[in-house]
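Thanks for coming, everyone. I have one structure to walk you through today. Please have a look at it first.

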Amino acid sequence: PTYFFAVSAGVVIVVGLAMVVAAVARLIQPGVVPHWHTLVVGVWLIASPWLLRYDLDAQYIAVVNQIVLGILLGAEGVWAIASGRHGGGRPVEDAP
């Protein structure tokens with residue numbers, strides 16, 4: 001059981017770090033990381049408890065947490081793609 005707790009914590013830590021790196025990269029250079037990245041991460045969070053064979057009884061809270069976060073990230077990714085923000089957000093106007 002300890003192994004499975006380490007796996008679920010590891011998944012959340014890696015996903016969190018990936019989102020931080022993507023956010024910082026988007027701040028430094030808009031357009032460098034496409035917003036479909038967020039959608040993919042959300043889908044991974046939803047699917048990972050079954051793909052990595054979590055003990056669903058012992059890790060119920062971790063599974064629910066990952067599904068809720070996956071839905072939120074996936075929704076944000078879909079919204080960003082649908083609104084035309086494919087990685088660049090609003091265009092930056094040229095400085096005078």
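Start with Gln66. You will find Gln66 in helix α3, which covers residues 60-82. Keep in mind that this is a predicted model.

Is Gln66 buried or exposed? Gln66 is buried, because its relative accessible area is 1% and the cut-off for buried is under 20%. What does Gln66 touch, once neighbours within four places in sequence are set aside? The contacts are Ser8, Val11, Val12, Leu45, Ile46, Ser48, Pro49 and Tyr54.

Now check the length of α3. It has 23 residues, and at 1.5 Å a residue they should span 33 Å. The end C-alpha atoms of α3 are 33 Å apart, so the two values agree. After α3 comes Gly84, with a positive phi near 85 degrees.

Which residues make a nonpolar surface patch of about 590 Å²? They are Tyr60, Ile61, Val64, Val68, Leu69 and Leu72. Take Val64, which sits in helix α3. Val64 is partly exposed, because its relative accessible area of 34% falls between the 20% and 50% cut-offs.

Let me step back to the whole chain. Three helices, zero strands. From the N terminus, the order is α-α-α. The chain has 96 residues, and 26% of them are buried. Its accessible surface comes to about 6500 Å², and carbon and sulfur atoms hold 73% of that. How about contacts with a separation of 6 or more? Of these, 64% join residues 24 or more positions apart.

On to the core. In soluble globular proteins, nonpolar side chains tend to be buried together. Which residues form the largest nonpolar core here? There are nine: Val7, Val11, Val15, Met19, Val41, Leu45, Tyr54, Val63 and Leu73. Each of α1 (2-28), α2 and α3 supplies at least two residues of this core. The largest share is four residues, and α1 provides it.

Leu73 is one of those core residues. Leave out its neighbours within four places in sequence, and Leu73 contacts Met19, Thr38, Leu39, Val41, Gly42 and Leu45. Met19, Val41 and Leu45 are on the core list too.

Now over to Ala22, in helix α1. Buried or exposed? Ala22 is buried, because its relative accessible area is 4%, and buried means under 20%. Not counting residues up to four places away in sequence, Ala22 touches Val33 and His37. Ala22 and Val32 are ten residues apart in sequence, and their C-alpha atoms are 8.6 Å apart in space.

Last stop, Arg53. Where is it? Arg53 sits in the loop between α2 (36-51) and α3. The phi of Arg53 is positive, about 55 degrees, although Arg53 is not a glycine. Arg53 is exposed, because its relative accessible area is 68% and exposed means over 50%.

To recap: Gln66 is buried, Val64 is partly exposed, and Arg53 is exposed. The core draws on α1, α2 and α3. That is my tour. Thank you.

Note on methods:
Residues numbered from 1 in each chain as written. Predicted model: local features only at pLDDT ≥ 70, side-chain atom pairs only at ≥ 80, totals over all residues. Heavy atoms only, no water. Buried < 20%, exposed > 50% of the residue type's maximum accessible area, 1.4 Å probe, protein only. Contact = heavy atoms within 4.5 Å. Expected span 1.5 Å × (residues − 1). Patch = residues over 30% accessible without salt bridge, like charges linked within 9 Å, V, L, I, M, F, W, Y side chains within 5 Å. Areas by Shrake-Rupley, 256 points an atom, 1.4 Å probe, with all protein chains shown as cover. Salt bridge = Lys/Arg side-chain N within 4 Å of Asp/Glu carboxyl O. Core = buried A, V, L, I, M, F, W, Y, C linked by side-chain atoms within 4.5 Å.
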